[in-house]
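Biologist: Could you walk me through this model, one part at a time?

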Amino acid sequence: MAVSARARAAGGVEITVDDDGPGIPEAQYEDAFKAFGRLDEARNQNEKGVGLGLAIARDVARGHGGDILLDRSPLGGLRAVIRLPG
């Protein structure tokens, strides 16, 4: 996992979180933000959690005038980019 932060030219900050896990298909990026969603039940059988992490994180970012976007990570997994205004 790698985390970085930088100031945006338009003001504000951009925080990037990259992981080297299995990632998710691009077609499921928006589904990952749905509360209580579990994208791959087979992969998560022994994992605890209720699928609220990204939903809550996006609500917090949007509450501050920003957003979270998902993309493919150069590490092989998922990239989350949090953009917050200045």
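Predicted model: local features only at pLDDT ≥ 70, side-chain atom pairs only at ≥ 80, totals over all residues.

Biologist: What do strand 3 and strand 4 form, and how many residues are between them?

Modeller: They form a hairpin with 5 residues between them, and in the turn G76 has a positive phi of about 110°. Within the pairing, I68 stands opposite I82 of strand 4.

Biologist: Which residues make up the largest nonpolar core?

Modeller: That core has 10 residues, namely I24, Y29, A32, F33, A61, I68, L70, L78, A80 and I82. Strand 3 (67-72) and strand 4 (78-84) are the elements that give two or more residues to this core, and strand 4 gives the most, with 3 residues.

Biologist: Changing topic, how many salt bridges does the structure hold?

Modeller: It holds 7 salt bridges, and one of them is between R58 and E30, where the closest N and O atoms are 2.9 Å apart.

Biologist: Why does that pair tie together parts that are apart in sequence?

Modeller: R58 lies in helix 1 (residues 53-63), whereas E30 lies in the loop between strand 2 (13-18) and helix 1, so the pair ties together parts that are 28 residues apart in sequence.

Biologist: And is R58 buried or exposed?

Modeller: R58 counts as buried, because its relative accessibility is 7% and the cut-off for buried is under 20%.

Technical notes
Residues numbered from 1 in each chain as written. Heavy atoms only, no water. Core = buried A, V, L, I, M, F, W, Y, C linked by side-chain atoms within 4.5 Å. Buried < 20%, exposed > 50% of the residue type's maximum accessible area, 1.4 Å probe, protein only. Helix = DSSP H or I, 4+ residues; strand = E, 2+ residues; numbered from the N terminus. Pairing = 2+ DSSP bridges. Salt bridge = Lys/Arg side-chain N within 4 Å of Asp/Glu carboxyl O.
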